[in-house]
Amino acid sequence: MSQQFDVPAARLAPGSVARSSTERVVGEAVIAAVAAHAAVRTEGVVRLEPGVTGLLRQAAGRLTGGNAAPTAGVDVHYDGDIPVIHLDLVVSGARPVAEVGAAIQRAVAHAVIEGTDVPEPVITVSVLDIELGGRR
Amino acid sequence: VSGPNTAEMTARLLAALRALDGVRPWCPVARSGPTALLPWDPGALAIDIADDSVRIRLVARRLPLRPELDEVEAVARRALAGSRWARAGLRLVVSDLDPAALSDSA
């Protein structure tokens, strides 16, 4: 998906402040893509579940012919410098939902911090469905 | 003031960015199909040059971002050196992530 988010002003990645006249901004779509990638690889997750907004973003991406990593099912915004990440997803019944949710939060936080250098994010997870007999 | 004008500096920055493996200039449309027929380079939309600042929008092809942005900063500063923008503020905006960035880290 090639959805382009408007990037709010002035978010400095950790470690970049010392470079006096250079500012680095990580867009929401980048964080969403990293989060989505980490979430679907977490044991117990069957898939991310894009809502209407996510489907519209996917369609817009296809129309513009963009080539960007998928973000459907993940919503990201900034609260000041702190990324706030929300994931909608479906889990299997193989593990307790709370356990899966906590594992997702750990995996997403690790991937986002390591990959994008942003401050520790706030992560919320909504389990929209449990797919009994799901693939994991 | 002599030196490159805005269009020339945009072209210089785009060339520098396109020589990098870890990023590409952000572009709102694919650079293939009908848009390839445009009489101007849509990649120029990734570069905004003002009197005292330069903003570059990027798509990352690799993670983590820090070393890639270090490299972008270095090549951008080299491109700006000696021009009226040599001391301009530089804003590097990573707008999107190429799917390849994630396949490498999987």
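In chain A, what share of the contacts with a separation of 6 or more comes from residues 24 or more positions apart?

Modeller: Happy to! This is a predicted model, in which local features need a pLDDT of at least 70 and side-chain atom pairs count only at pLDDT 80 or more, while totals for chains, interfaces and linings use all residues. Residues are numbered from 1 along each chain as its sequence is written, chains are lettered from A and ligands numbered from 1 in the order in which they are written, and side-chain values use heavy atoms, with hydrogens and water left out.

Now to your question: residues 24 or more positions apart account for 72% of those contacts in chain A, a contact being heavy atoms within 4.5 Å.

What is chain A built from? Three helices and five strands, arranged along the sequence as β-α-β-α-β-β-α-β. Helices here are DSSP runs of H or I with at least four residues, strands are runs of E with at least two, and both are numbered from the N terminus.

Let's look at helix α1 (residues 28–40) of chain A. With 13 residues at 1.5 Å a residue, helix α1 of chain A should span 18 Å, and its end C-alpha atoms are 18 Å apart, so the two values agree. The expected span is 1.5 Å times one less than the number of residues. This helix is also mostly covered, with 13 of its 13 residues buried. Buried means under 20% relative accessible area, exposed means over 50%, and partly exposed lies in between, using a 1.4 Å probe and protein chains only.

Finally, how confident is the predictor? Its score for each residue is pLDDT, from 0 to 100. Chain A averages 82, and 77% of its residues score at least 70. Residues 1–20 of chain A have a pLDDT below 50, yet this stretch has 61 contacts in the model beyond near neighbours in sequence. The model as a whole scores ipTM 0.88 and pTM 0.84.

Technical notes: pLDDT is the predictor's confidence in each residue, from 0 to 100.
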